[in-house]
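Here are my notes on this structure. Please read them with the model open.

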Amino acid sequence: MIPIIGLVIGVAAGLLLEPTVPVYLQPYLPIAVVAALDALFGGLRALLDGIFDDRVFLVSFLSNVIVAGLIVFLGDQLGVGNQLSTGVVVVLGIRIFSNAAAIRRHIFKA
Amino acid sequence: MTRNSPSDPQDREEELLDSLSASRESELPTDAAHLQQDETALGLVDDPVGEAQVAAASDAELETTDQDDNAGQGVVGKSDTVLESEQAPRGVATEGGLAGDEVAEPANTPIVVPEEVPAEGVAAGVETSGEPAKSDEQSDGADESSPKASAKAPMSPAKKRLISALRPRATRAQILSALLLGLLGFALVAQLQLSQKDELSGLRQSELVNLLDDVTRRSSELEDETLRLNGLVGELESGTNSQLAAQQAAEENAATQGILSGRLPAEGPGITIGVTEGEKAISASALFNILEELRNAGAEAVEVNGLRMITSSYFTDTDQGVVIDGVVVAAPYQWKAIGDANTMQPALEIPGGAMASIRGNGGEGNISVLDTVEIKSVVEVREPEFARPMD
(Lines give C-alpha, C1' and ligand atoms only; values in the text may rest on other atoms or scores of the structure.)
Protein backbone atom coordinates (compact mmCIF):
# COMPACT_ATOMS: atom_id res chain seq x y z
CA MET A 1 0.00 0.00 0.00
CA ILE A 2 2.72 2.40 0.90
CA PRO A 3 4.48 1.97 -2.45
CA ILE A 4 1.24 2.81 -4.21
CA ILE A 5 0.90 5.90 -2.11
CA GLY A 6 4.46 6.74 -3.07
CA LEU A 7 3.57 6.38 -6.72
CA VAL A 8 0.55 8.63 -6.36
CA ILE A 9 2.62 11.22 -4.54
CA GLY A 10 5.23 11.10 -7.29
CA VAL A 11 2.64 11.59 -10.01
CA ALA A 12 0.98 14.41 -8.10
CA ALA A 13 4.33 16.08 -7.53
CA GLY A 14 5.06 15.84 -11.22
CA LEU A 15 1.72 17.36 -12.11
CA LEU A 16 1.97 20.16 -9.60
CA LEU A 17 5.59 21.11 -9.93
CA GLU A 18 5.70 20.81 -13.73
CA PRO A 19 9.43 20.21 -13.80
CA THR A 20 11.46 21.27 -16.79
CA VAL A 21 13.76 18.53 -17.88
CA PRO A 22 17.31 19.72 -18.47
CA VAL A 23 18.26 19.66 -22.11
CA TYR A 24 21.08 17.17 -21.82
CA LEU A 25 18.74 14.67 -20.18
CA GLN A 26 15.90 15.03 -22.59
CA PRO A 27 16.80 12.26 -25.05
CA TYR A 28 17.40 9.74 -22.25
CA LEU A 29 14.41 10.31 -20.06
CA PRO A 30 11.92 8.20 -22.03
CA ILE A 31 14.31 5.25 -22.13
CA ALA A 32 14.97 5.59 -18.43
CA VAL A 33 11.28 5.60 -17.70
CA VAL A 34 10.72 2.43 -19.71
CA ALA A 35 13.66 0.73 -18.00
CA ALA A 36 12.26 1.71 -14.63
CA LEU A 37 8.90 0.27 -15.65
CA ASP A 38 10.62 -2.95 -16.53
CA ALA A 39 12.23 -3.08 -13.09
CA LEU A 40 8.88 -2.35 -11.55
CA PHE A 41 7.18 -5.20 -13.34
CA GLY A 42 10.01 -7.47 -12.38
CA GLY A 43 9.51 -6.48 -8.79
CA LEU A 44 5.81 -7.19 -9.01
CA ARG A 45 6.47 -10.59 -10.44
CA ALA A 46 8.97 -11.34 -7.70
CA LEU A 47 6.44 -10.23 -5.18
CA LEU A 48 3.90 -12.68 -6.49
CA ASP A 49 6.53 -15.35 -6.77
CA GLY A 50 7.36 -14.83 -3.17
CA ILE A 51 10.97 -13.89 -3.69
CA PHE A 52 10.79 -10.16 -3.42
CA ASP A 53 13.74 -8.48 -1.85
CA ASP A 54 13.80 -4.74 -1.53
CA ARG A 55 17.51 -4.53 -1.97
CA VAL A 56 17.35 -6.46 -5.19
CA PHE A 57 14.53 -4.26 -6.32
CA LEU A 58 16.50 -1.12 -5.64
CA VAL A 59 19.60 -2.38 -7.37
CA SER A 60 17.71 -3.63 -10.39
CA PHE A 61 15.80 -0.38 -10.66
CA LEU A 62 18.89 1.76 -10.63
CA SER A 63 20.95 -0.52 -12.80
CA ASN A 64 18.24 -0.78 -15.43
CA VAL A 65 17.97 2.97 -15.64
CA ILE A 66 21.70 3.56 -15.75
CA VAL A 67 22.46 0.79 -18.20
CA ALA A 68 19.67 1.84 -20.56
CA GLY A 69 20.89 5.41 -20.45
CA LEU A 70 24.46 4.33 -21.07
CA ILE A 71 23.52 2.20 -24.04
CA VAL A 72 21.57 5.03 -25.63
CA PHE A 73 24.35 7.50 -24.97
CA LEU A 74 26.89 5.15 -26.48
CA GLY A 75 24.68 4.65 -29.48
CA ASP A 76 24.44 8.39 -30.02
CA GLN A 77 28.20 8.76 -29.87
CA LEU A 78 28.71 5.92 -32.30
CA GLY A 79 26.16 7.28 -34.69
CA VAL A 80 23.62 4.49 -34.37
CA GLY A 81 21.56 6.33 -31.82
CA ASN A 82 18.22 5.65 -33.44
CA GLN A 83 18.78 1.97 -33.93
CA LEU A 84 20.20 1.30 -30.49
CA SER A 85 17.49 3.23 -28.80
CA THR A 86 14.89 1.30 -30.75
CA GLY A 87 16.58 -1.94 -29.80
CA VAL A 88 16.65 -1.03 -26.12
CA VAL A 89 13.01 -0.12 -26.14
CA VAL A 90 12.10 -3.36 -27.92
CA VAL A 91 13.98 -5.50 -25.45
CA LEU A 92 12.54 -3.69 -22.46
CA GLY A 93 9.13 -4.12 -23.95
CA ILE A 94 9.68 -7.84 -24.33
CA ARG A 95 10.71 -8.14 -20.71
CA ILE A 96 7.74 -6.14 -19.55
CA PHE A 97 5.45 -8.42 -21.51
CA SER A 98 6.94 -11.58 -20.09
CA ASN A 99 6.74 -10.25 -16.55
CA ALA A 100 3.19 -9.12 -17.12
CA ALA A 101 2.33 -12.59 -18.39
CA ALA A 102 3.76 -14.17 -15.26
CA ILE A 103 1.82 -11.76 -13.08
CA ARG A 104 -1.32 -12.51 -15.01
CA ARG A 105 -0.82 -16.22 -14.50
CA HIS A 106 -0.47 -15.64 -10.79
CA ILE A 107 -3.52 -13.53 -10.40
CA PHE A 108 -5.93 -15.01 -12.87
CA LYS A 109 -4.53 -18.48 -13.07
CA ALA A 110 -4.82 -18.03 -16.80
CA MET B 1 28.62 -18.62 2.06
CA THR B 2 27.00 -20.82 -0.47
CA ARG B 3 24.07 -22.81 0.53
CA ASN B 4 23.12 -24.66 -2.52
CA SER B 5 23.48 -28.15 -1.19
CA PRO B 6 20.25 -29.73 -0.15
CA SER B 7 21.64 -30.98 3.11
CA ASP B 8 22.05 -27.55 4.53
CA PRO B 9 18.47 -26.47 4.24
CA GLN B 10 17.31 -29.57 5.93
CA ASP B 11 19.70 -29.02 8.74
CA ARG B 12 18.44 -25.58 9.13
CA GLU B 13 14.92 -26.74 8.98
CA GLU B 14 15.44 -28.97 11.90
CA GLU B 15 17.14 -26.15 13.71
CA LEU B 16 14.19 -23.98 13.05
CA LEU B 17 11.67 -26.52 14.07
CA ASP B 18 13.34 -26.67 17.39
CA SER B 19 13.40 -22.95 17.79
CA LEU B 20 9.84 -22.83 16.62
CA SER B 21 8.54 -25.15 19.16
CA ALA B 22 10.38 -23.12 21.71
CA SER B 23 8.94 -19.84 20.53
CA ARG B 24 5.51 -21.21 20.00
CA GLU B 25 5.07 -22.01 23.56
CA SER B 26 5.27 -18.37 24.40
CA GLU B 27 1.99 -17.50 22.78
CA LEU B 28 2.01 -16.74 19.13
CA PRO B 29 -0.19 -15.00 16.82
CA THR B 30 -0.10 -11.62 18.35
CA ASP B 31 1.18 -8.84 16.30
CA ALA B 32 3.93 -8.21 18.76
CA ALA B 33 5.19 -11.66 18.29
CA HIS B 34 5.01 -11.31 14.57
CA LEU B 35 6.81 -8.07 14.67
CA GLN B 36 9.46 -9.52 16.78
CA GLN B 37 9.94 -12.28 14.36
CA ASP B 38 9.93 -9.79 11.57
CA GLU B 39 12.69 -7.96 13.22
CA THR B 40 14.69 -11.06 13.78
CA ALA B 41 14.22 -11.89 10.18
CA LEU B 42 15.46 -8.47 9.25
CA GLY B 43 18.42 -8.86 11.46
CA LEU B 44 17.45 -5.79 13.37
CA VAL B 45 17.49 -7.67 16.57
CA ASP B 46 20.33 -9.83 17.58
CA ASP B 47 19.32 -13.34 17.09
CA PRO B 48 21.90 -15.89 16.18
CA VAL B 49 19.53 -18.28 14.59
CA GLY B 50 17.61 -15.58 12.91
CA GLU B 51 20.70 -13.90 11.64
CA ALA B 52 21.98 -17.06 10.16
CA GLN B 53 18.70 -17.60 8.43
CA VAL B 54 18.54 -14.10 7.13
CA ALA B 55 22.08 -14.14 5.95
CA ALA B 56 21.56 -17.44 4.26
CA ALA B 57 18.34 -16.37 2.71
CA SER B 58 19.58 -13.08 1.40
CA ASP B 59 22.72 -14.65 0.07
CA ALA B 60 20.70 -17.27 -1.64
CA GLU B 61 18.43 -14.64 -3.07
CA LEU B 62 21.30 -12.61 -4.35
CA GLU B 63 22.83 -15.63 -5.95
CA THR B 64 19.71 -16.76 -7.57
CA THR B 65 18.59 -13.38 -8.68
CA ASP B 66 22.01 -12.57 -9.95
CA GLN B 67 21.84 -15.64 -12.00
CA ASP B 68 18.65 -14.58 -13.57
CA ASP B 69 18.52 -12.22 -16.47
CA ASN B 70 14.98 -12.58 -17.27
CA ALA B 71 13.22 -9.96 -15.33
CA GLY B 72 14.31 -7.66 -12.56
CA GLN B 73 13.57 -10.27 -10.04
CA GLY B 74 11.88 -13.00 -11.92
CA VAL B 75 13.35 -16.35 -11.16
CA VAL B 76 12.66 -19.32 -13.28
CA GLY B 77 13.77 -22.87 -13.60
CA LYS B 78 16.15 -24.60 -11.42
CA SER B 79 16.98 -21.69 -9.24
CA ASP B 80 13.48 -21.83 -7.95
CA THR B 81 14.03 -25.03 -6.24
CA VAL B 82 17.13 -23.76 -4.55
CA LEU B 83 15.32 -20.68 -3.49
CA GLU B 84 12.47 -22.55 -2.09
CA SER B 85 14.71 -24.58 0.05
CA GLU B 86 16.34 -21.41 1.25
CA GLN B 87 13.15 -19.68 1.89
CA ALA B 88 11.37 -22.34 3.69
CA PRO B 89 13.15 -21.78 6.95
CA ARG B 90 12.94 -18.06 6.53
CA GLY B 91 9.31 -18.18 5.86
CA VAL B 92 8.66 -20.31 8.80
CA ALA B 93 10.67 -18.06 11.01
CA THR B 94 8.86 -14.94 10.02
CA GLU B 95 5.47 -16.43 9.91
CA GLY B 96 5.85 -17.63 13.36
CA GLY B 97 4.91 -21.03 12.29
CA LEU B 98 1.55 -20.50 10.81
CA ALA B 99 1.34 -20.49 7.12
CA GLY B 100 3.25 -23.62 6.78
CA ASP B 101 0.31 -24.79 4.76
CA GLU B 102 1.92 -23.82 1.53
CA VAL B 103 5.18 -25.29 2.41
CA ALA B 104 4.74 -28.72 0.94
CA GLU B 105 7.17 -28.85 -1.90
CA PRO B 106 8.31 -31.69 -4.06
CA ALA B 107 11.86 -30.53 -3.81
CA ASN B 108 11.83 -29.99 -0.09
CA THR B 109 11.03 -31.98 2.85
CA PRO B 110 7.72 -30.45 3.62
CA ILE B 111 7.86 -28.27 6.61
CA VAL B 112 4.71 -28.94 8.44
CA VAL B 113 4.17 -26.89 11.45
CA PRO B 114 2.82 -29.34 13.92
CA GLU B 115 -0.10 -27.35 15.02
CA GLU B 116 -1.26 -26.46 11.55
CA VAL B 117 -2.38 -29.12 9.23
CA PRO B 118 -1.39 -28.13 5.81
CA ALA B 119 -4.64 -27.33 4.24
CA GLU B 120 -3.18 -26.60 0.89
CA GLY B 121 -0.89 -28.83 -0.97
CA VAL B 122 1.00 -26.75 -3.31
CA ALA B 123 2.05 -28.86 -6.17
CA ALA B 124 3.03 -28.57 -9.73
CA GLY B 125 4.45 -25.51 -11.32
CA VAL B 126 7.48 -24.41 -9.57
CA GLU B 127 7.25 -21.19 -11.40
CA THR B 128 3.65 -20.44 -10.87
CA SER B 129 1.82 -20.70 -7.68
CA GLY B 130 3.85 -23.45 -6.11
CA GLU B 131 5.93 -21.30 -3.90
CA PRO B 132 6.98 -22.08 -0.44
CA ALA B 133 6.32 -20.00 2.60
CA LYS B 134 4.33 -17.12 1.49
CA SER B 135 6.82 -14.68 2.73
CA ASP B 136 6.49 -12.39 -0.15
CA GLU B 137 8.69 -9.70 1.18
CA GLN B 138 10.91 -11.20 3.73
CA SER B 139 10.54 -8.13 5.83
CA ASP B 140 6.88 -7.76 5.23
CA GLY B 141 5.99 -11.23 6.36
CA ALA B 142 3.68 -11.96 9.16
CA ASP B 143 0.32 -11.28 7.70
CA GLU B 144 -2.71 -13.38 8.29
CA SER B 145 -2.78 -14.99 11.62
CA SER B 146 -3.26 -18.69 11.63
CA PRO B 147 -7.05 -18.77 11.89
CA LYS B 148 -7.35 -16.47 8.93
CA ALA B 149 -5.01 -18.47 6.84
CA SER B 150 -6.88 -21.64 7.35
CA ALA B 151 -10.19 -19.91 6.77
CA LYS B 152 -9.09 -18.66 3.35
CA ALA B 153 -7.49 -21.90 2.49
CA PRO B 154 -8.61 -21.99 -1.18
CA MET B 155 -6.90 -18.67 -2.01
CA SER B 156 -3.73 -19.03 -3.99
CA PRO B 157 -0.49 -18.14 -2.35
CA ALA B 158 0.11 -15.54 -4.99
CA LYS B 159 -3.03 -13.71 -4.08
CA LYS B 160 -2.21 -14.02 -0.46
CA ARG B 161 1.11 -12.48 -1.06
CA LEU B 162 -0.45 -9.74 -3.04
CA ILE B 163 -2.94 -8.97 -0.33
CA SER B 164 -0.29 -9.07 2.30
CA ALA B 165 1.79 -6.70 0.29
CA LEU B 166 -1.06 -4.27 0.15
CA ARG B 167 -1.24 -3.92 3.87
CA PRO B 168 0.64 -0.85 4.95
CA ARG B 169 3.55 -1.73 7.14
CA ALA B 170 6.33 0.67 7.82
CA THR B 171 9.01 -1.70 6.74
CA ARG B 172 12.17 -0.89 4.90
CA ALA B 173 11.03 -2.65 1.77
CA GLN B 174 7.79 -0.79 1.52
CA ILE B 175 9.37 2.59 2.12
CA LEU B 176 12.10 1.92 -0.37
CA SER B 177 9.58 0.76 -2.93
CA ALA B 178 7.52 3.83 -2.23
CA LEU B 179 10.51 6.04 -2.88
CA LEU B 180 11.38 4.31 -6.11
CA LEU B 181 7.82 4.34 -7.32
CA GLY B 182 7.53 8.00 -6.46
CA LEU B 183 10.60 8.69 -8.51
CA LEU B 184 9.16 6.69 -11.35
CA GLY B 185 5.85 8.52 -11.22
CA PHE B 186 7.59 11.86 -11.14
CA ALA B 187 9.79 11.05 -14.12
CA LEU B 188 6.84 9.62 -16.01
CA VAL B 189 4.77 12.74 -15.59
CA ALA B 190 7.72 14.95 -16.47
CA GLN B 191 8.33 13.03 -19.66
CA LEU B 192 4.65 13.11 -20.60
CA GLN B 193 4.48 16.85 -20.14
CA LEU B 194 7.68 17.32 -22.07
CA SER B 195 6.62 15.23 -25.03
CA GLN B 196 3.24 16.86 -25.20
CA LYS B 197 4.59 20.37 -24.98
CA ASP B 198 7.54 20.16 -27.30
CA GLU B 199 7.59 17.66 -30.13
CA LEU B 200 11.20 18.26 -30.99
CA SER B 201 12.60 17.49 -27.61
CA GLY B 202 12.40 13.76 -28.09
CA LEU B 203 14.46 13.64 -31.25
CA ARG B 204 18.06 12.71 -31.58
CA GLN B 205 20.67 15.04 -32.91
CA SER B 206 20.87 13.37 -36.31
CA GLU B 207 17.14 13.56 -36.75
CA LEU B 208 17.15 17.22 -35.86
CA VAL B 209 19.92 17.88 -38.39
CA ASN B 210 17.91 16.18 -41.10
CA LEU B 211 14.86 18.16 -40.15
CA LEU B 212 16.82 21.37 -40.27
CA ASP B 213 18.18 20.57 -43.73
CA ASP B 214 14.70 19.87 -45.00
CA VAL B 215 13.31 23.06 -43.60
CA THR B 216 16.14 25.16 -44.99
CA ARG B 217 15.75 23.74 -48.45
CA ARG B 218 12.03 24.27 -48.43
CA SER B 219 12.48 27.81 -47.22
CA SER B 220 14.84 28.71 -50.05
CA GLU B 221 12.45 27.20 -52.56
CA LEU B 222 9.66 29.31 -51.18
CA GLU B 223 11.79 32.43 -51.39
CA ASP B 224 12.46 31.83 -55.06
CA GLU B 225 8.78 31.33 -55.62
CA THR B 226 8.03 34.58 -53.85
CA LEU B 227 10.43 36.48 -56.07
CA ARG B 228 8.88 35.02 -59.17
CA LEU B 229 5.36 35.80 -58.08
CA ASN B 230 6.28 39.35 -57.16
CA GLY B 231 7.67 39.92 -60.61
CA LEU B 232 4.50 38.53 -62.09
CA VAL B 233 2.41 40.88 -60.01
CA GLY B 234 4.45 43.85 -61.17
CA GLU B 235 4.03 42.87 -64.78
CA LEU B 236 0.33 42.43 -64.44
CA GLU B 237 -0.08 45.73 -62.69
CA SER B 238 1.83 47.68 -65.29
CA GLY B 239 -0.02 45.85 -67.98
CA THR B 240 -3.26 46.85 -66.43
CA ASN B 241 -2.15 50.45 -66.22
CA SER B 242 -1.18 50.69 -69.83
CA GLN B 243 -4.38 49.00 -70.75
CA LEU B 244 -6.32 51.54 -68.80
CA ALA B 245 -4.46 54.40 -70.44
CA ALA B 246 -5.08 52.94 -73.84
CA GLN B 247 -8.71 52.51 -73.06
CA GLN B 248 -8.99 56.08 -71.88
CA ALA B 249 -7.33 57.40 -75.00
CA ALA B 250 -9.59 55.33 -77.12
CA GLU B 251 -12.64 56.65 -75.36
CA GLU B 252 -11.59 60.27 -75.86
CA ASN B 253 -10.86 59.59 -79.45
CA ALA B 254 -14.24 58.01 -79.89
CA ALA B 255 -15.95 61.03 -78.41
CA THR B 256 -14.14 63.41 -80.66
CA GLN B 257 -14.71 61.37 -83.72
CA GLY B 258 -18.31 60.85 -82.77
CA ILE B 259 -19.01 64.51 -82.62
CA LEU B 260 -17.27 65.27 -85.82
CA SER B 261 -18.85 62.38 -87.65
CA GLY B 262 -22.32 63.04 -86.41
CA ARG B 263 -22.64 59.88 -84.39
CA LEU B 264 -23.06 61.58 -81.07
CA PRO B 265 -25.27 64.50 -80.03
CA ALA B 266 -23.25 67.57 -79.14
CA GLU B 267 -23.64 70.80 -77.30
CA GLY B 268 -21.58 73.91 -76.98
CA PRO B 269 -21.40 77.61 -77.79
CA GLY B 270 -22.43 78.48 -81.30
CA ILE B 271 -24.98 80.19 -83.44
CA THR B 272 -28.42 79.58 -84.79
CA ILE B 273 -29.52 80.86 -88.18
CA GLY B 274 -33.11 81.32 -89.17
CA VAL B 275 -33.56 81.38 -92.93
CA THR B 276 -36.94 82.25 -94.33
CA GLU B 277 -38.00 82.24 -97.92
CA GLY B 278 -39.32 85.17 -99.82
CA GLU B 279 -41.20 84.99 -103.00
CA LYS B 280 -38.42 83.02 -104.67
CA ALA B 281 -37.63 79.63 -103.33
CA ILE B 282 -34.20 79.19 -101.88
CA SER B 283 -32.16 76.86 -103.96
CA ALA B 284 -30.21 73.96 -102.72
CA SER B 285 -26.95 75.55 -103.71
CA ALA B 286 -27.71 78.58 -101.54
CA LEU B 287 -28.23 76.30 -98.60
CA PHE B 288 -25.12 74.42 -99.46
CA ASN B 289 -23.21 77.67 -99.46
CA ILE B 290 -24.31 78.31 -95.92
CA LEU B 291 -23.07 74.87 -94.90
CA GLU B 292 -19.72 75.43 -96.62
CA GLU B 293 -19.26 78.78 -95.01
CA LEU B 294 -19.94 77.31 -91.64
CA ARG B 295 -17.45 74.50 -92.24
CA ASN B 296 -14.83 76.96 -93.48
CA ALA B 297 -15.41 78.99 -90.33
CA GLY B 298 -14.68 75.91 -88.20
CA ALA B 299 -18.09 74.70 -87.20
CA GLU B 300 -17.79 71.36 -85.48
CA ALA B 301 -21.43 70.28 -85.61
CA VAL B 302 -24.17 71.57 -87.89
CA GLU B 303 -27.85 70.78 -87.96
CA VAL B 304 -30.57 71.86 -90.38
CA ASN B 305 -34.17 71.40 -89.46
CA GLY B 306 -33.31 68.42 -87.29
CA LEU B 307 -30.96 66.86 -89.78
CA ARG B 308 -27.36 66.43 -88.80
CA MET B 309 -24.94 67.59 -91.42
CA ILE B 310 -21.97 65.31 -92.04
CA THR B 311 -19.26 65.11 -94.62
CA SER B 312 -21.41 63.20 -97.01
CA SER B 313 -24.46 65.47 -96.69
CA TYR B 314 -25.93 66.77 -99.91
CA PHE B 315 -28.59 69.22 -101.03
CA THR B 316 -30.70 68.55 -104.10
CA ASP B 317 -33.35 70.51 -105.85
CA THR B 318 -36.35 68.39 -106.68
CA ASP B 319 -39.94 68.98 -107.71
CA GLN B 320 -41.12 68.77 -104.14
CA GLY B 321 -38.52 71.14 -102.98
CA VAL B 322 -35.08 70.89 -101.49
CA VAL B 323 -34.02 67.41 -100.50
CA ILE B 324 -31.33 67.21 -97.87
CA ASP B 325 -29.76 63.81 -97.35
CA GLY B 326 -32.82 62.17 -98.90
CA VAL B 327 -35.35 64.08 -96.80
CA VAL B 328 -37.61 66.71 -98.30
CA VAL B 329 -37.22 69.85 -96.29
CA ALA B 330 -39.32 72.96 -96.64
CA ALA B 331 -38.69 76.54 -95.61
CA PRO B 332 -38.15 78.06 -93.17
CA TYR B 333 -34.76 76.53 -92.46
CA GLN B 334 -33.52 76.45 -88.92
CA TRP B 335 -29.76 76.06 -88.72
CA LYS B 336 -27.73 75.26 -85.67
CA ALA B 337 -23.97 75.33 -85.59
CA ILE B 338 -21.57 74.72 -82.71
CA GLY B 339 -18.32 76.50 -83.06
CA ASP B 340 -16.64 79.84 -82.58
CA ALA B 341 -19.42 82.41 -83.10
CA ASN B 342 -16.94 85.23 -83.69
CA THR B 343 -15.59 83.42 -86.69
CA MET B 344 -18.78 81.96 -88.06
CA GLN B 345 -20.98 85.04 -88.00
CA PRO B 346 -18.65 87.38 -89.92
CA ALA B 347 -17.97 84.56 -92.36
CA LEU B 348 -21.66 84.28 -93.15
CA GLU B 349 -22.05 88.01 -93.43
CA ILE B 350 -19.23 88.48 -95.92
CA PRO B 351 -20.45 90.70 -98.71
CA GLY B 352 -21.27 88.38 -101.50
CA GLY B 353 -21.34 85.49 -99.06
CA ALA B 354 -24.04 83.07 -98.12
CA MET B 355 -26.30 85.49 -96.33
CA ALA B 356 -25.91 88.04 -99.02
CA SER B 357 -27.05 85.65 -101.70
CA ILE B 358 -30.08 84.62 -99.70
CA ARG B 359 -31.09 88.20 -99.13
CA GLY B 360 -30.45 88.90 -102.69
CA ASN B 361 -33.01 86.26 -103.59
CA GLY B 362 -35.64 87.81 -101.41
CA GLY B 363 -35.17 85.72 -98.32
CA GLU B 364 -34.12 86.63 -94.85
CA GLY B 365 -31.51 85.31 -92.53
CA ASN B 366 -31.15 85.97 -88.83
CA ILE B 367 -28.07 84.93 -86.94
CA SER B 368 -28.14 84.69 -83.19
CA VAL B 369 -25.19 83.87 -81.03
CA LEU B 370 -25.89 81.54 -78.14
CA ASP B 371 -23.81 80.28 -75.24
CA THR B 372 -25.19 76.78 -75.50
CA VAL B 373 -26.44 75.23 -78.66
CA GLU B 374 -27.74 71.71 -78.43
CA ILE B 375 -27.64 69.44 -81.42
CA LYS B 376 -29.46 66.28 -80.59
CA SER B 377 -29.80 64.74 -84.01
CA VAL B 378 -27.39 62.00 -84.97
CA VAL B 379 -26.68 59.95 -88.05
CA GLU B 380 -25.56 56.40 -88.31
CA VAL B 381 -22.00 56.13 -89.46
CA ARG B 382 -21.67 54.17 -92.61
CA GLU B 383 -18.65 52.00 -93.35
CA PRO B 384 -16.73 53.35 -96.30
CA GLU B 385 -17.36 51.24 -99.30
CA PHE B 386 -14.30 52.07 -101.33
CA ALA B 387 -11.83 53.76 -99.13
CA ARG B 388 -9.90 51.93 -96.49
CA PRO B 389 -7.27 52.99 -94.00
CA MET B 390 -3.80 53.17 -95.39
CA ASP B 391 -1.18 51.27 -93.34
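1. Buried here means under 20% relative accessible area, exposed over 50%, and partly exposed in between (1.4 Å probe, protein chains only). The model is predicted: local features need pLDDT of at least 70, side-chain atom pairs count only at pLDDT 80 or more, and totals for chains, interfaces and linings use all residues. Residues are numbered from 1 along each chain as its sequence is written, chains are lettered from A and ligands numbered from 1 in the order in which they are written, and side-chain values use heavy atoms, with hydrogens and water left out.

2. Start with helix α4 of chain A, residues 81-108. Helices (H or I, at least four residues) and strands (E, at least two) are DSSP runs, numbered from the N terminus. α4(A) has 28 residues and spans 40 Å from first C-alpha to last, close to the 40 Å expected at 1.5 Å a residue. The expected span is 1.5 Å times one less than the number of residues. After α4(A) comes A:Lys109, with a positive phi near 55°.

3. Which residues of α4(A) are buried? Among them are A:Ser85, A:Val88, A:Leu92, A:Ile96 and A:Asn99. An α-helix has 3.6 residues a turn, so residues three or four places apart point the same way. The cover over the buried residues of α4(A) includes α2 (29-49) and α3 (54-78) of chain A, together with α6 (157-166) of chain B. Contact means heavy atoms within 4.5 Å.

4. Chain B has an open, antiparallel sheet of 3 strands, in the order β4-β5-β6. Strands pair if DSSP finds at least two bridges between them. β4 (315-317) and β6 (327-329) of chain B are the edge strands, each pairing on one side only. β5(B), residues 322-324, pairs with β6(B) over 3 bridges. There, B:Val323 has B:Val328 as its bridge partner.
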